Amino acid sequence: MAFDINEVFAQMLQAIKKTAKDDWGSIKETATNYFQDRKLRVELLTSLMIDKEIDKEFFLKRLADEKKILESELHSVAIVTKAMAQKAANAAIDLLQAAVFKAIG
Amino acid sequence: MQRVIQRKFPAIFLLLFLISSCRVTLVPEYNARLETQITDAAKATDRLYIDLLGEELSARNYDRIQARYNDLEAEINSIELINQGRVKNDDFLAIIKNLKDAFHEAKEYHKEHKTLSNGEIKAYQATLAGYWKPLYVAERSLK
């Protein structure tokens, strides 16, 4: 069966998009960037194995690394999302504080 | 209005106190020096493999570059230590653990095999860059 790497990555991106729901807009750029990086890395690793520059065992270990890298990327996306939420919440508090100060002169 | 404010002053004062002390903290504070440390260490990792690729196979002996591996490992440990002292550091520590394990594996592989092929160098260069990037992106998002 043919393996269309672009199709697989598009489906993975859609799956993340579906999960992320409301946060998708803020993390879209970061997530898309990570998926593009992954695509390039997996293409490189595949070509290295096909050209016999690395053996199958080494290739499989690097694919296992991809799972760990994805885990790191998800932690990174979580930080990006939390940082945005923190900035928004504190900006709202600053507004409230300014309004209270203005009210009491 | 002024009289209302005067009458309600204790309540307003309390509200102001609560508002001013109420800051939402979900992530650690941005650290410019740490961002520089991360970019420098990521660059040094990349440079290690670029240099190896430029060497003859016989000159890629692990013993010749063991000190560079050790320097980089110490840098990763330093980044981990700084992050251990930050608040809300769980996600950062998870990213660093993955990076640390991957770098250690790459170092041990080279040590065990004495040398690396062109393909192995290119693969490690790409993979370790993949481990560094989430850490860099995360730190920058705190700005």
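1. The model is predicted, and the remarks below should be read accordingly.

2. Chain A contains three helices and zero strands. Along the sequence, the pattern of chain A is α-α-α. Of the 105 residues in chain A, 19% are buried.

3. The largest nonpolar core holds 40 residues. The members that touch the most other members are A:Val80, B:Leu99, B:Phe103, B:Leu128, B:Leu135 and B:Ala138. Chain A gives two or more residues to this core from each of helix H2 (24-50) and helix H3 (56-103). In chain B, the elements that do so are helix H3 (32-54), helix H4 (62-84), helix H5 (90-113) and helix H6 (118-141). The largest share of the core, 10 residues, is supplied by H6(B).

4. The contact between the chains involves 32 residues from chain A and 33 residues from chain B. On the side of chain B that touches chain A, helix H2 (9-21), H5 and H6 of chain B each give two or more residues. H6(B) provides the largest share of that side, with 14 residues. By residue class, the side of chain B that touches chain A comprises 19 nonpolar, nine polar and five charged residues.

5. The student may wish to follow H6(B) through the model.

Conventions:
Residues numbered from 1 in each chain as written. Chains lettered and ligands numbered in written order. Predicted model: local features only at pLDDT ≥ 70, side-chain atom pairs only at ≥ 80, totals over all residues. Helix = DSSP H or I, 4+ residues; strand = E, 2+ residues; numbered from the N terminus. Buried ≥ 20, exposed ≤ 12 C-beta atoms within 10 Å, placed from the backbone. Core = buried A, V, L, I, M, F, W, Y, C linked by C-beta atoms within 7 Å. Contact = placed C-beta atoms within 7 Å. Nonpolar A, V, L, I, M, F, W, Y, C, P; charged D, E, K, R; others polar.
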